[in-house]
Amino acid sequence: MIKEAKAFSENLNFKKLKQMYLFALITIAITILLSQLLIQHNISSQLNDSRLINISGRQRMLSQKLAKEILILNSFSDDLNEKENISNIKKTLETWKFTHLALEKGNDSLKFPHEKSTLLLALFKDIKSNVDIIESTTIQYLNNRSNLRDDSENQEKVQIILDNVVEFVTKMNRIVGQYEYEALEKVTRQRNIEYGILSFTLLVLLLEFLYIFKPTNKKIELLISKLLVSERRAIKLARDTEAISIIKENSVKELKSLNYAMENTLLYCRISPQGKIIHMGDKFSKLLQYNPSFDADKSFAQALTTIEKEQLAIDRIIADKQRSGWQGELNTTDRNGNMRWLDMSMIPVRIRKEESELLVICFNITIRKNAELEVERLNRENIIEKINQQKIISSKIVENQENEQNRIAREIHDGIGQMLTGLKFSLESINLDDKEKSAQKIEYLKKLSLDIIKGVRTATFNLMPPELSDHGIVSSIAKLALELAKLTGKNVQFYNKTDFDQRLDSLIEINIYRLTQEAINNAIKYAESSHIIVQLSHSNKILSITVDDNGKGFDVTTVEKKRNSESGMGLLFMKERVQYINGRVFINSIPGEGTRITFNIPI
């Protein structure tokens, strides 16, 4: 056996084998390198395409915003706010025009391409007339407003702007669709190239197997039989190590993404139990004007406020609640002497056995607080003007409610930081020496991440359904009826009797959705009904939504007199909301038979 192995080894041409093996490896390495360079180039191109599609879609929003601001300026003749409205219109117009020119001609700073396909050039040429009309008519309209020209002429120009905005949005949808189509073509082309490179690599591996490994294996099988066993073990160990390394790399990438999201979207800070700042997020640092390079010696209380009394109060909270945690609203004074309100949560976190710190998560509620204080101040100042300002107060309440719900939706998405931070710490604590437990723990944490994402998406839908902004009021009400039927077990049906498919102003759509949602919820919660029918119809000027139920009904006059009751306040808020969009509500109810609520909104 030893002699045969020695004879085999003498007959082997190791130099030639080495050259062939190196040639195969170099070929594979070159193909992999080319594949990676191509993939990175295409990923960069796809990122630019994504930004281009996003900006193109934003153009539709800007045109609708411009039309909305012009309608507001044309509807209200408040001299105090007219200059501000005109300034806002000019800014919107300038942004809209600049972005459109960048999309059409290309822009190096925005990384927009100068070269375009023939179809895109045709689409931009087709939309150019609408852009020019909107721009020139808007400028003429603003000049007329400044020079107090004839109101009838302004009305005509407003109508011209609105008509062209509708055409602009329609044509812009085609441009966005073309961008998406061309991006898809790039992805398809990249996929085919990658398949070609993969096939070539597999071919090289096949040839390497047929002309190198297989002949050599027959010659040296006896010589390296024991080495092959060791090699198999080493290969298995290398694969296991590589798999763990890949899992770790993916986890690090996920942690970097989560950390970036926390830094830029969440007001958070890590502090020691003594109140010293360990790390402060970028967004929080910008809000507090905190610079770690120059303010490293400052405590957390000193970074929050310049008032000594407020600093002492914050230090007292940290000292008393460092073990149990704390949550509440905090009123502080910034460096400019302005009042700042923060909704703050302090969460104790144990890093190691003998080391702990506090995770501070805040929400800036200054705008909401100022709005509440402003409403109270207006109520105290002039009771005589209470009736005249009722619509303003109502609009403030509605606007703050919508803003608050949108904020809550965002904060649920971003404020999940507590769980995500725990996820981050758990990932960092993985012991790679124990490969089996590490892999199990990582799979569990991935599942936990998916559950968190699913919960966030569910919560954001309940607060602001994506159908409302993406598809309009019809799709959102249909989705609402379907979801409530599944949730409550009630028979909730929706009928679009006149096949209404128009898009309305976003504020009007939001209020229509909330009114319908309130009516259906009242039928489910108070009327004890089993069947609820929602019908939508329209004419040239009126959109009508009717909600019928077979519940127990009520005396409308009696409920309206009880303004302090929950049902009375509900009807009052419903009327105020529909009046805010210049609509009307009609309530008909018969005790023991059911209720019909009809909303008529001008379109």
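## Reading exposure in a predicted model

A residue is called buried when its relative accessible area is under 20%, exposed when that area is over 50%, and partly exposed in between. With a relative accessible area of 23%, Glu 135 is therefore partly exposed. Keep these cut-offs in mind, as they come back several times below.

The model you are looking at is a predicted one. Its mean pLDDT is 80, and 83% of the residues reach 70 or more. Residues 1-10 are a stretch to read with care: there the pLDDT is below 50, and beyond near neighbours in sequence the stretch has 7 contacts in the model.

Let us start on the inside. The largest nonpolar core has 36 residues, and those with the most contacts inside it are Ile 473, Ile 512, Ile 520, Leu 536 and Phe 599. Which helix gives the largest share of this core? Helix α16, spanning residues 506-525, supplies 8 residues, the largest share. Apart from this core lies another one, made of 33 residues, including Ile 53, Ile 86, Phe 124 and Leu 142.

Leaving aside neighbours within four places in sequence, Ile 520 is in contact with Leu 480, Leu 484, Ile 532, Val 534 and Val 547.

## A five-stranded sheet

Now look for the open sheet, which is formed by 5 strands in the order β6-β7-β8-β10-β9, with mixed pairing. Its edge strands are β6 (491-496) and β9 (584-590), and each of them pairs on one side only. On average, neighbouring strands of the sheet are turned by 10° against each other, ignoring direction.

Elsewhere in the chain, strands β1 (residues 267-271) and β2 (residues 277-280) run antiparallel and are joined by 3 bridges. Cys 269 stands opposite Met 280 in β2. How many residues lie between the two strands of this hairpin? There are 5 residues between β1 and β2, and Gly 275 in the turn has a positive phi of about 95°.

## Salt bridges across the chain

The structure holds 14 salt bridges. In one of them, the side chains of Lys 97 and Asp 132 meet at 3.9 Å, N to O. Lys 97 belongs to helix α3 (residues 79-105) and Asp 132 to helix α4 (residues 118-146), so this pair ties together parts that are 35 residues apart in sequence. Are these two residues buried or exposed? Lys 97 is buried, at a relative accessible area of 16%, while Asp 132 is partly exposed, at 29%.

Lys 97 also meets the side chain of Glu 135 in a salt bridge, with a distance of 3.3 Å from N to O. This pair again links distant parts of the chain, with Lys 97 in helix α3 and Glu 135 in helix α4, 38 residues apart. Another salt bridge joins Arg 596 to Asp 548, with the closest N and O atoms 2.6 Å apart. Here Arg 596 sits in strand β10 (residues 594-602) and Asp 548 in strand β8, 48 residues apart. Arg 596 counts as partly exposed at 40% relative accessibility, whereas Asp 548 is buried, with a relative accessible area of 15%.

## Two loop residues with positive phi

Finally, visit two loops. Gln 289 has a positive phi of about 55° although it is not a glycine. You will find Gln 289 in the loop between α7 (282-288) and α8 (300-304), where it is partly exposed, with a relative accessible area of 43%.

Asp 499 is also a residue other than glycine with a positive phi, near 50°. Where is Asp 499 placed? Asp 499 lies in the loop between β6 and α16. Its relative accessible area is 61%, and since the cut-off for exposed is over 50%, Asp 499 counts as exposed.

Conventions. Residues are numbered from 1 along each chain as its sequence is written. Side-chain values use heavy atoms; hydrogens and water are left out. A nonpolar core is a set of buried Ala, Val, Leu, Ile, Met, Phe, Trp, Tyr and Cys residues joined through side-chain atoms within 4.5 Å. Buried means under 20% relative accessible area, exposed over 50%, partly exposed in between (1.4 Å probe, protein chains only). Helices (H or I, at least four residues) and strands (E, at least two) are DSSP runs, numbered from the N terminus. Contact means heavy atoms within 4.5 Å. Two strands pair if DSSP finds at least two bridges between them. Axes are lines fitted to C-alpha atoms, for helices over the stretch in contact, and angles run from 0 to 180 degrees between N-to-C directions. A salt bridge is a side-chain nitrogen of Lys or Arg within 4 Å of a carboxyl oxygen of Asp or Glu. pLDDT is the predictor's confidence in each residue, from 0 to 100.
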